[in-house]
Amino acid sequence: MPTPPKYALVATDLDGTLLRRDDTVSPRSRAALARAAASGARHIVVTGRPVPGIRDLLARLEYRGPVVCGQGTQLYDAGAGQIIRAATLDRDLADTALGKIEAQVGPVFAAVDQGGTDGRTLIEPGYLMPHPALPAVRVGHREELWEAPIVKVLVRHPDLTDDALADAARAVVGDLATVTLSGPGTVELQPYGVDKGTGLALAAETLGVDPAATIAFGDMPNDLPMFRRSGHGVAMANAHPELKAAADEVTLTNEADGVAVVLERLFG
């Protein structure tokens with residue numbers, strides 16, 4: 001009988017981690033993930049993107065496993081094309097949280113990711129999508145953001161840095177929502193207590209695996225909760241300094257196949 005791998009799960013963020021700038025996964029990274037799978041480890045995608053923003057990518061990758069989407073708000077079965085579990089952000093609380101943030105830092109621009117497999121990303125006037133390849137629908141007024149259930153709110157400020165905006169939001173939002181910094185120009189609000197760590201734990205439970213048997217790869221502070229639940233956290237060389245400081249090791253950049261370098265060492 002083969003010896004079980006030290007890590008039963010390989011959890012990877014997408015943007016800035018497994019994906020290259022052109023939204024592709026390199027042949028080397030594909031081969032390394034296949035080698036890990038041949039050794040008995042399961043690959044699980046853990047991303048801030050909501051389900052509608054990831055389905056086409058998963059199809060191109062021929063990925064059929066569980067996916068933690070929307071900063072942990074959605075657990076998606078890629079093979080079945082179904083959401084297994086989901087959490088929504090109360091829209092009244094979201095609107096109140098935005099008001100508190102604006103009282104602290106002045107006007108902000110907001111967007112929302114709607115729930116469900118066909119939910120849309122709605123953006124209010126002035127909001128610029130940090131990832132232009134992802135589809136979005138522009139609305140005329142903020143009130144239209146709340147027309148359907150949402151999983152998270154995206155917030156941008158015309159002048160503040162991402163770190164300054166995230167810090168200011170955390171100071172005033174309290175338990176109305178969880179504040180997350182997930183990428184350049186991407187400060188987000190999701191249901192309080194929900195994050196990539198809770199999403200990973202739920203996915204691991206679904207697979208019958210201890211989340212501590214996970215090696216996790218990421219690049220931004222939103223990956224911190226995933227690192228805390230995992231047995232080993234690997235930050236990319238292009239990662240945010242906060243994540244690098246918390247990581248067990250730092251690998252090469254996403255453009256230099258940093259995920260593959262570590263997996264080749266562990267499963268080669």
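The model is predicted: local features need pLDDT of at least 70, side-chain atom pairs count only at pLDDT 80 or more, and totals for chains, interfaces and linings use all residues. Residues are numbered from 1 along each chain as its sequence is written, and side-chain values use heavy atoms, leaving out hydrogens and water. Helices (H or I, at least four residues) and strands (E, at least two) are DSSP runs, numbered from the N terminus.

**Helices α4 and α5**
- The axes of α4 (residues 91–105) and α5 (residues 162–173) cross at roughly 120° and come within 9 Å.
- That makes α4 oblique to α5 (oblique is what remains after under 35 degrees, roughly parallel, over 145, roughly antiparallel, and 65 to 115, roughly perpendicular).
- Ala-97, Lys-100, Ile-101, Gln-104 and Val-105 of α4 make the contact with Leu-165, Ala-168, Ala-169, Val-172 and Val-173 of α5 (contact means heavy atoms within 4.5 Å).

**The sheet**
- An open, mixed sheet is formed by 8 strands, ordered β5-β4-β3-β2-β1-β12-β13-β14 (strands pair if DSSP finds at least two bridges between them).
- β5 (82–86) and β14 (249–250) are the edge strands, each pairing on one side only.
- β2 (residues 42–46) pairs with β3 (residues 66–69) in the parallel sense, over 2 bridges.
- Val-46 stands opposite Val-68 in β3.

**Helix α9**
- Gly-258, Val-259, Ala-260, Val-262, Leu-263 and Phe-267 are buried in α9 (residues 258–267) (buried means under 20% relative accessible area, with a 1.4 Å probe and protein chains only).
- The cover over these buried residues includes β1 (9–12), α1 (14–18), α2 (27–38), β12 (214–218), β13 (232–235) and β14.

Terms used
Axes fitted to C-alpha atoms, helices over the stretch in contact; angles between N-to-C directions. Buried < 20%, exposed > 50% of the residue type's maximum accessible area, 1.4 Å probe, protein only.
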